Amino acid sequence: MANPRKKPAPLGIQAPDLSETLQAPLFPPEIGKGSQLSDLALNGWDFSAGLGDDLRLEHVLIEQGRLSGARMKRARLRDLRFKRSDLSNVDLGDASLERVEVLEGRMTGLKAVQATFHDVRFVDCKLDFAQFRFARFDRARFERCVLREADFQGADLRGVSFAGSDLTGAQLSGAQLVGADFRGAHLEGIGARPEDLKGMVIDAGQLMELSGYFAAMLGVSVVD
């Protein structure tokens with residue numbers, strides 16, 4: 001019999017494994033360096049000063065939570081869903097995220113340098129100036145996200161989808177983009193070398209949007 005805790009997700013991405021009967025504690029749990037929490041529904045609490053490195057969260061729903069500026073380096077986040085939460089300027093360092101969804105999250109300035117993402121979705125999130133340098137993505141999707149000036153330098157983005165997202169001014173230099181799907185995304189002013197864009201998937205409209213970029217790379221002057 002199918003697991004009732006699971007629901008389908010797009011593009012073969014596995015959704016978080018969350019029970020419909022998660023425990024909702026009356027008081028905020030103690031969360032610090034090395035803490036391990038599981039099977040909880042946490043609603044409306046401020047954890048911005050109480051998180052720490054080596055944190056382990058599994059099977060947790062965080063709704064309208066405040067985590068702004070929290071340090072979560074080396075965190076292990078598994079089967080998590082964040083809904084309408086503030087994760088701006090969170091430092092994930094080289095954390096590992098597996099089966100994680102972030103819905104309508106405020107994530108400006110997120111730091112996820114060298115982090116790993118497996119089966120992760122960001123939906124309607126504000127991720128401008130986020131840092132994903134050298135991060136590794138395995139089955140990931142950004143849906144209608146603001147990624148202006150985001151830094152993906154050297155990141156492994158093979159097969160990642162950016163449907164409807166705004167990557168204006170994003171840095172893609174040195175990123176692996178084979179099979180990365182940018183159809184429907186805004187790509188004006190992206191930073192990349194011509195060889196970096198090999199294998200990326202775009203639509204006909206985006207070819208026009210990038211025409212000035214390609215002309216500049218080739219040293220071509222376009223004069224009306």
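Here is a short briefing on the fold, the confidence and the salt bridges.

This is a predicted model. The protein chain has six strands and two helices, and along the sequence they run β-β-β-β-β-β-α-α.

**Overall picture**
- The protein chain exposes about 11000 Å², with 49% of that supplied by carbon and sulfur atoms.
- Take contacts between residues at least 6 apart in sequence, and 9% of them join residues at least 24 apart.

**Confidence**
- pLDDT averages 88 over the protein chain, and 86% of the residues score at least 70.
- Residues 1–10 stay under 50.

**Salt bridges**
- The count comes to 22 salt bridges.
- Aspartate 46 and arginine 66 pair up at 3.8 Å, N to O. Aspartate 46 sits in the loop between strand 1 and strand 2, and arginine 66 in the loop between strand 2 and strand 3, so the pair ties together parts that are 20 residues apart in sequence.
- Aspartate 119 and arginine 139 also form one, with their closest N and O atoms 2.7 Å apart. This pair links strand 5 with strand 6. Aspartate 119 is buried at 3% relative accessible area, while arginine 139 is partly exposed at 37%.
- Arginine 133 bridges to aspartate 151, the closest N and O atoms being 2.5 Å apart.
- Arg81, Glu101, Arg121, Arg141 and Glu143 are joined in a salt-bridge network.

Conventions. Residues numbered from 1 in each chain as written. Predicted model: local features only at pLDDT ≥ 70, side-chain atom pairs only at ≥ 80, totals over all residues. Heavy atoms only, no water. Helix = DSSP H or I, 4+ residues; strand = E, 2+ residues; numbered from the N terminus. Contact = heavy atoms within 4.5 Å. Areas by Shrake-Rupley, 256 points an atom, 1.4 Å probe, with all protein chains shown as cover. pLDDT = per-residue confidence, 0-100. Salt bridge = Lys/Arg side-chain N within 4 Å of Asp/Glu carboxyl O. Buried < 20%, exposed > 50% of the residue type's maximum accessible area, 1.4 Å probe, protein only.
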